[in-house]
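Me: I am new to this structure. Please show it, and then I will ask about it piece by piece.

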Amino acid sequence: QVQLVESGGGLGQPGGSLRLSCAAYGSIFTIYAMGWYRQAPGKQRELVATISGGSTNYADSVKGRFTISRDNAENTVYLQMNSLKPEDTAVYYCNAYLSLGDRPGRYDYWGQGTQVTVSS
């Protein structure tokens with residue numbers, strides 16, 4: 001019933017910038033939190049940043065370089081990535097924690113992932 005559609009990945013240069021977007025579609029009642037996670041080859045998926053209400057949370061490795069923001073009206077979350085480093089290379093996944101319009105409970109949904117490669 002819910003689909004998260006990511007865009008904006010690709011190749012970035014060290015020191016450069018990329019912007020990721022993730023839009024949530026479907027029978028959504030309320031989105032409580034949205035976030036970005038990433039998984040590099042051979043590593044576990046890790047939190048990058050989350051946003052809930054007016055609060056944001058960042059991994060130490062991206063603090064001061066990445067900014068998460070959200071458009072509540074469009075059910076969209078963004079990740080502005082500046083000062084990119086080669087170690088930022090990973091598949092980035094969007095996450096939404098939400099309730100549905102047609103059943104009780106709260107649910108986690110994930111996007112399909114978008115590749116970010118940082119290389120000169």
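Me: Is tryptophan 110 buried, exposed or partly exposed?
Reply: This is a predicted model: local features need pLDDT of at least 70, side-chain atom pairs count only at pLDDT 80 or more, and totals for chains, interfaces and linings use all residues. Residues are numbered from 1 along each chain as its sequence is written, and side-chain values use heavy atoms, with hydrogens and water left out. Buried means under 20% relative accessible area, exposed over 50%, and partly exposed in between (1.4 Å probe, protein chains only). Tryptophan 110 has 37% relative accessibility, so the residue counts as partly exposed.

Me: Which kind of aromatic pair do tyrosine 37 and tryptophan 110 form?
Reply: Rings of Phe, Tyr and Trp (its six-membered ring) pair if their centres lie within 6.5 Å; planes under 30 degrees apart count as stacked, over 60 as edge-to-face and the rest as tilted. Tyrosine 37 and tryptophan 110 are 5.0 Å apart, centre to centre, with 65° between the planes. That makes the pair edge-to-face.

Me: How far apart in sequence are the parts tied together by tyrosine 37 and tryptophan 110?
Reply: Strands (E, at least two residues) and helices (H or I, at least four) are DSSP runs, numbered from the N terminus. Tyrosine 37 lies in strand 4, and tryptophan 110 in strand 10 (residues 106-110). The pair therefore ties together parts separated in sequence by 73 residues.

Me: What is the angle between the planes of tyrosine 32 and tyrosine 97?
Reply: The count of aromatic pairs is two. Tyrosine 32 and tyrosine 97 form a tilted one, 5.9 Å centre to centre. Tyrosine 32 is partly exposed at 24%, and tyrosine 97 is partly exposed at 32%. The angle between their planes is 50°.

Me: Which cysteine is joined to cysteine 22?
Reply: A disulfide is a pair of cysteine sulfur atoms within 2.5 Å. By this rule the count is one. Cysteine 22 sits in strand 3, and its partner lies 72 residues away in strand 9. With S to S at 2.1 Å, the partner is cysteine 94.

Me: Are cysteine 22 and cysteine 94 buried or exposed?
Reply: Cysteine 22 has 0% relative accessibility. Cysteine 94 has 0% as well. Both therefore count as buried.

Me: Which residue in strand 8 stands opposite phenylalanine 66?
Reply: Strand 7 and strand 8 run antiparallel and are joined by six bridges. Opposite phenylalanine 66 stands methionine 81.

Me: Which residues does threonine 67 contact, beyond its neighbours within four places in sequence?
Reply: Threonine 67 is found in strand 7 and is partly exposed at 42%. Contact means heavy atoms within 4.5 Å. Its contacts are Tyr58, Tyr78, Leu79 and Gln80.

Key. Pairing = 2+ DSSP bridges.
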